Amino acid sequence: MWPQSQYSHTNTHYQNNAAKTNEHQNQQNLKTLGMTSAISMAGPKPIDIEKTNELKESLVPFGVFESEAEMHHRMEVLGSLHRLVRQWIREESLRKNMPPSVAETVGGNIYTFGSYRLGVHHRGADIDALCVAPRHIDRTDYFQSFYELLKSQPQVKDLRAVEDAFVPVIKMNFDGIEIDLLFARLALKEIPDSFDLRDDMLLKNLDQKCVRSLNGCRVTDEILRLVPNINNFRLTLRAIKLWAKRHGIYSNTLGYLGGVSWAMLVARTCQLYPNALPATLVHKFFLVFSQWKWPQPVLLKQPDAVNLGFPVWDPRVNVSDRFHLMPIITPAYPQQNSTFNVSASTRTVIMEEFRLGLAITDEIMLGKCNWERLFEAPNFFSRYKHFIVLLASSANPVDQLQWCGLIESRIRHLITTLERNQFITIAHVNPECYNSVPLNTNNGQPLALPPGTPVPNDPAPEIKKNEEGEVIANYCSMWFIGLVFEKTNVNVDLTYDISSFTKAVHYQAENTSMLREGMSIEARHVRRKQLHQYLCASLLQKRERTVSGAKRRPPEPAPAQPHKRTRRLSDSSTDEVSILSYNDDSNSSNIYEVNIQNGTTPAQVTTEQMEQNRNKTEKPIQPTEHPSTSNSIVCT
């Protein structure tokens with residue numbers, strides 16, 4: 001059985017025991033964690049215990065806690081994977097002429113990291129794991145013989161190897177559990193069962209890919225070591241992760257914060273309030289980071305004085321590090337900024353959500369509303385008046401999965417380009433990737449399904465071609481980018497920006513031999529009133545705020561006052577903006593101007609005027625090689 005003491009996580013109930021509280025507080029007074037001393041060493045009050053119990057109850061409907069059966073199933077899966085690793089290393093050792101007696105003792109191990117190792121994984125979440133092998137086992141062995149061993153296992157499905165990734169990985173579904181398995185070879189003859197990966201000297205003489213693979217485990221273990229109370233940390237992090245996902249700011253790929261970044265922010269809050277319970281910690285989290293002076297970095301400890309030649313985050317030495325907007329530095333050597341993808345727009349969106357989160361938790365702590373209010377998902381589509389819709393299409397579901405992964409990894413570059421336009425205040429990308437109904441069921445037009453809805457899958461899809469012999473795409477996915485313009489009535493030309501983005505995606509797809517017939521990407525400008533053409537009615541409905549009076553503790557609460565509507569930055573968007581787009585005629589080079597405010601009849605604009613507009617916006621005057629079709633946005 002997989003060692004339960006290290007990898008099982010039990011949800012601890014909070015007891016109203018004053019003696020235990022005082023004992024815990026006295027223990028924490030003996031040490032200070034983090035770069036600075038704590039802001040407050042105060043212990044919990046009865047109201048804090050009550051609010052924490054309410055917080056835990058409010059998380060249950062969202063599936064953030066696993067049942068005992070699900071937890072044991074994960075442990076059994078990890079145990080089976082561990083045995084396969086041992087079997088593979090033993091067989092590979094014998095194949096390399098190692099004596100059988102030695103091959104039995106060289107070991108090999110599986111380590112978990114990420115949300116599972118932190119103990120904050122939700123129901124149905126995947127597992128991040130690392131395979132550690134001795135020095136005579138190569139990465140090529142891992143992606144060849146071990147891959148074939150996995151392929152022969154009846155429990156393994158959806159097996160795929162990504163050997164050329166920045167961090168090479170094998171992805172699989174093992175008996176119903178999604179697993180991302182990394183590989184690292186240590187410069188050791190054998191790997192004992194209880195081997196600790198925190199020793200920095202283990203990295204000596206390792207290659208960059210092994211160091212990156214080890215980094216996840218080392219960072220996760222260091223975070224757990226640096227928090228004053230692991231159970232309080234875990235419940236707080238569960239709440240913050242749920243809030244971030246519900247508010248659309250949980251995605252490292254798209255320029256928001258990923259799981260390890262949220263974990264480090266919560267860990268820093270725990271260091272500043274070491275004796276506080278989760279309800280207080282959630283409130284203090286918003287208090288601290290809504291006022292944080294970015295780009296001042298968030299550090300959990302003084303960086304280690306280790307010099308093994310690996311690059312570390314240091315703006316004093318590395319010029320590029322000085323341009324990071326929200327640096328959150330990992331606590332294990334080699335220290336890295338986990339938020340280097342954050343852009344000006346995503347930082348603005350995150351800070352706005354911090355500010356609104358503080359306002360809501362202020363009311364919660366005062367008993368004016370319940371925790372459910374914090375986890376209400378705002379309607380992204382009602383916040384903006386202008387959108388760019390990115391559509392990724394392909395002929396079959398396998399191609400679509402790869403195509404969407406590539407495009408999603410490039411969207412943050414488009415956001416950065418849009419931010420450089422002097423007339424765009426915010427380019428807010430919704431991290432949700434919306435799958436469309438099959439295009440052949442909707443006259444070739446995309447229509448997004450609610451998140452989590454399975455796409456109808458034809459087991460043997462018929463590949464159709466148009467009159468020119470080109471494969472017709474049938475699968476489509478969409479991303480929506482909300483735009484906020486300055487309050488000026490101007491024409492904003494994005495032809496060059498959109499064209500550059502699509503060309504970069506196609507260029508990377510060709511270089512990685514990913515491009516297939518039927519794959520396409522296009523961008524369209526959509527106004528809010530046109531969203532019904534792309535979204536089903538349930539996605540456009542404004543969510544009702546939950547009634548919180550039912551769970552109020554005071555026996556006679558005062559009449560609820562209407563909540564003041566907090567003004568979002570997106571409210572500053574204006575309709576006084578014009579778009580420029582190519583004529584519907586495929587061979588036309590004329591430009592047409594459409595006033596978004598009143599939708600009046602287009603007035604022709606010459607190519608010379610277009611070039612003048614580009615000069616005004618400091619864009620290079622370069623003609624587009626491939627004029628867009630009538631469905632594509634090239635300017636807004």
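Start by selecting Arg-524 and Tyr-534, whose side chains are joined by a polar contact of 3.2 Å. Keep in mind as you go that this is a predicted model. Arg-524 also reaches Glu-522, through a side-chain polar contact of 3.4 Å. To find your bearings, colour strand S11 (residues 520-527), where Arg-524 has its place. Is Arg-524 buried or exposed? Its relative accessibility is 8%, under the 20% cut-off, so Arg-524 counts as buried.

**Aromatic pairs**

Next, show the rings. The structure holds 27 aromatic pairs. One of them is Phe-380 with Tyr-384, a tilted pair with 5.5 Å from centre to centre and 50° between the planes.

Now move to Tyr-434 and Phe-480. Their ring centres are 5.8 Å apart and their planes meet at 80°; an angle over 60 degrees counts as edge-to-face, so that is the name for this pair. Which strands does the pair link? Tyr-434 belongs to strand S8 (residues 434-435) and Phe-480 to strand S9 (residues 475-485), so select both strands to see distant parts of the chain, 46 residues apart, being linked. Tyr-434 is buried, with a relative accessible area of 6%, and Phe-480 is buried too, with 0%.

For a group of rings, select Trp-243, Trp-262, Phe-285, Phe-286, Phe-289, Trp-292, Trp-294 and Phe-354, which form one aromatic cluster.

**Charges over rings**

Arg-212 lies over the face of Phe-166, 3.8 Å from the ring centre. Lys-245 lies over the face of Tyr-250, at 4.9 Å from the ring centre.

**Salt bridges**

How many salt bridges does the structure hold? There are 23 salt bridges. Begin with Glu-54 and Lys-51, where the closest N and O atoms are 3.8 Å apart. These two residues are 3 apart in helix H3 (residues 46-59), so about one helical turn separates them. Glu-54 is buried at 10% relative accessibility, and Lys-51 is buried at 8%.

Then select Asp-180 and Lys-171, which meet in a salt bridge of 3.3 Å, N to O. Here Asp-180 is buried at 17%, whereas Lys-171 is partly exposed at 25%.

Another salt bridge, of 3.0 Å from N to O, joins Arg-316 and Asp-314. Arg-316 is exposed at 71% relative accessibility, while Asp-314 is buried at 14%.

Methods. Residues numbered from 1 in each chain as written. Predicted model: local features only at pLDDT ≥ 70, side-chain atom pairs only at ≥ 80, totals over all residues. Heavy atoms only, no water. Phe/Tyr/Trp six-rings, centres within 6.5 Å; stacked < 30°, edge-to-face > 60°. Helix = DSSP H or I, 4+ residues; strand = E, 2+ residues; numbered from the N terminus. Buried < 20%, exposed > 50% of the residue type's maximum accessible area, 1.4 Å probe, protein only. Lys NZ or Arg CZ within 6 Å of the ring centre and 35° of its normal. Polar contact = N/O pair within 3.5 Å; in protein donor to acceptor, adjacent residues only side chain to side chain. Salt bridge = Lys/Arg side-chain N within 4 Å of Asp/Glu carboxyl O.
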